[in-house]
Amino acid sequence: MGKINCLDEHLCNMIAAGEVVERPSGVVKELVENAIDAEAKTIEIQITQGGIGSIIITDDGIGMDREDAKIAFERHATSKLKEESDLWNIHTMGFRGEALPSIAAVSQVRLRTNNGKESTEVELYYGKLQDVHAAGAPQGTSIEVSNLFQKTPARFKHLKSPQYEFSLILDIVQKFALAHPDIAFYLSHDGKQVFQTKGTNQLQEVLMQIYGRDVAKSAIAVENSDFDYQISGYIAQPHHNRATKYYMILFVNHRMIRNYHLQKAIIDAYHDYMPKDRYPIAVLNINMDAQLVDVNVHPSKWEIRLSKEKQLEKLLYQSVESVLKEHLQVAEVTMKQPQSKPEIMELDLSYERDPKLKKLHQEVNEGFQNPDTLPSLDFEEIRKKMMEPVSETPRETNNIQTKSTPEMMVEDCGITYPQRSRPILQRPEQKSKKELISLDITTISQKDAEIKEPVKDVMEKTEIKSTPAKNPSLPQLEVIGQFHQSYILAQGEGGLYIIDQHAAAERYHFEQIRKQILAGNNDAQPMLLPISIDVDPTIMSQLDECNEAMQILGIQFERFGDQTLVVRDLPIWMQNTEEKAFLQDLIDGWMKEREVSEAKIRHLAIATMACHSSIRFHRTLTMEEMRQVIADLGKCEQPFHCPHGRPTFICMSDEQLVKQFLR
């Protein structure tokens, strides 16, 4: 008796469903792609229990007639392909004709559709057609998928919590919104709306809803093309970065894809501007001839094959790198806003037994809230009074006796005078309104008045030597001081700047050493005693390749035994550094990155050298040294980041300071 059996159609569909529909997010992806192919402008996704309970997707697309609605659930039934040549020129999201039968095989499905002429409802129960009948429905298609995987326990038990499954659905829908900003998306979970876009075809607006206002506002537009490819989209400033690669979102002809080599091109372009193990935010679409890409790699359609992948990698790298150089911004400090609003201080100057004074004091209080109601002041007269000597005996003003209270200095309109937090008043005699609200400023000390002139003289005599910066985005900075022997504090038009003294010096030395190497200044100097380095045996088999990469640096390694290399000559620019540690780092870096170009090896070497020769943390600097660090930074072509991608300085804007001090 034969052991080989032919599986029935329903079992085949259930097996195939494992490739197309792995979890609820896969169902959403396939159905939304069908809605996009149906020319929908509005797509609503309703989820219950993370998609395990039900998934309802409604669109306003072209819809289907009765016959198409029925045959759509047949295996390999599709409107996207008609002949073999169409498979190599695909312009739609779907084309295999597997999604609907695979979904129907593992769930209960109800489809309602209207093509503008007739409305149809189709019901299926785990792959078996139950009913097809006319039913009222608006233009477009609505499909409900419920009780997913209830009859496939092997798949059902591997689903995670509803919250986790919904997070995957949310991620998929957000990617669709980024790929198609001209379509309005509505996503709800258990009756609560979670995500929504307006379909205004403004990608930056969608970026704001997903990544926040700060990322979207500072995002850099990317537009570049060559003969085969056209790249468009946005990339975030380097200081807006993430710990994973999943925020680099790529689309090919508006189809979401995963491609390691294209992501690597973006990471390499950000290499000089971002710390290690941090990754950028990028949303880029690549338009190309459909014949250059093969999307028929896997049923999930995440993977693709490109005919000219190396060419696209180079174009993507150059596009991102060029816009970063032109549009870099200083990272700003973000501070948490205070929860409570400041209250307007009112002076308690009311006397219940005197109606006239009560009204008068009410007007005074209103004047503090609305300064326009206060009488005008003769400031010249006020300045004359400020210079008068202070009376050492208590005096009376308008017969109002005041007791001594703590004073705080208040500055208003350029005049500094004391304000008592709450005067303690004796009962006054009846006086006029003008006498009562006149300001008594003669109690200010003469010392406080005289201190203004020396400070003013110092500010006028202080001259800051500024060096024109090559990068027009670099602000002109004036040194204030040093913080914790590690950071230089400076002020500029943008606010308060905090400079990392090591990173800033490292950037300058990096560019200086690079200029010497690129200019061919690799004059070598023989070592009195050769430097020996212990290495892994695997480096010995690749020593010729390593020396070829190091040739541009003027460094050559020689074999000395099975696990030792020696260096007999070193370039002059390596003086004043710990040679053995530097060479060891260089070898380790080459072993890790040996597949990349010589340019990256050279960058690694120069960055290591610059780090070894720069100002360290916890070193006290004089004012002249701090000014020199900033002047050197101004000579850099790219002054915003050190060679390892860390920021050289950050800014706390005036607006942030005003908010923090409740001004």
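The largest nonpolar core in this predicted model has 60 residues, and Ile43, Ile45 and Leu178 have the most contacts inside it. A nonpolar core here is a set of buried Ala, Val, Leu, Ile, Met, Phe, Trp, Tyr and Cys residues joined through side-chain atoms within 4.5 Å, where buried means under 20% relative accessible area with a 1.4 Å probe, protein chains only. Helix α6, residues 162-179, gives the most to this core, with eight residues; helices are DSSP runs of H or I with at least four residues, strands are E runs of at least two, and both are numbered from the N terminus. In soluble globular proteins, nonpolar side chains tend to be buried together.

Let's look around Leu178. Beyond its neighbours within four places in sequence, Leu178 is in contact (heavy atoms within 4.5 Å) with residues including Leu203, Ile210, Phe251 and Val283. Another core, of 54 residues, lies apart from the largest one, and Tyr270, Ala282, Leu312 and Leu474 are among its members.

Now for some strands. Strand β22 (residues 487-492) pairs with strand β23 (residues 495-500) in the antiparallel sense over six bridges, pairing requiring at least two DSSP bridges. A hairpin of two residues joins β22 to β23, and Tyr487 has Asp500 as its bridge partner. Five bridges also join β23 to the antiparallel strand β27, residues 649-653, with Ile498 partnered by Ile650.

A word on conventions: residues are numbered from 1 along each chain as its sequence is written. Local features need pLDDT of at least 70, side-chain atom pairs count only at pLDDT 80 or more, totals for chains, interfaces and linings use all residues, and side-chain values use heavy atoms, leaving out hydrogens and water.

Note on methods. Buried < 20%, exposed > 50% of the residue type's maximum accessible area, 1.4 Å probe, protein only.
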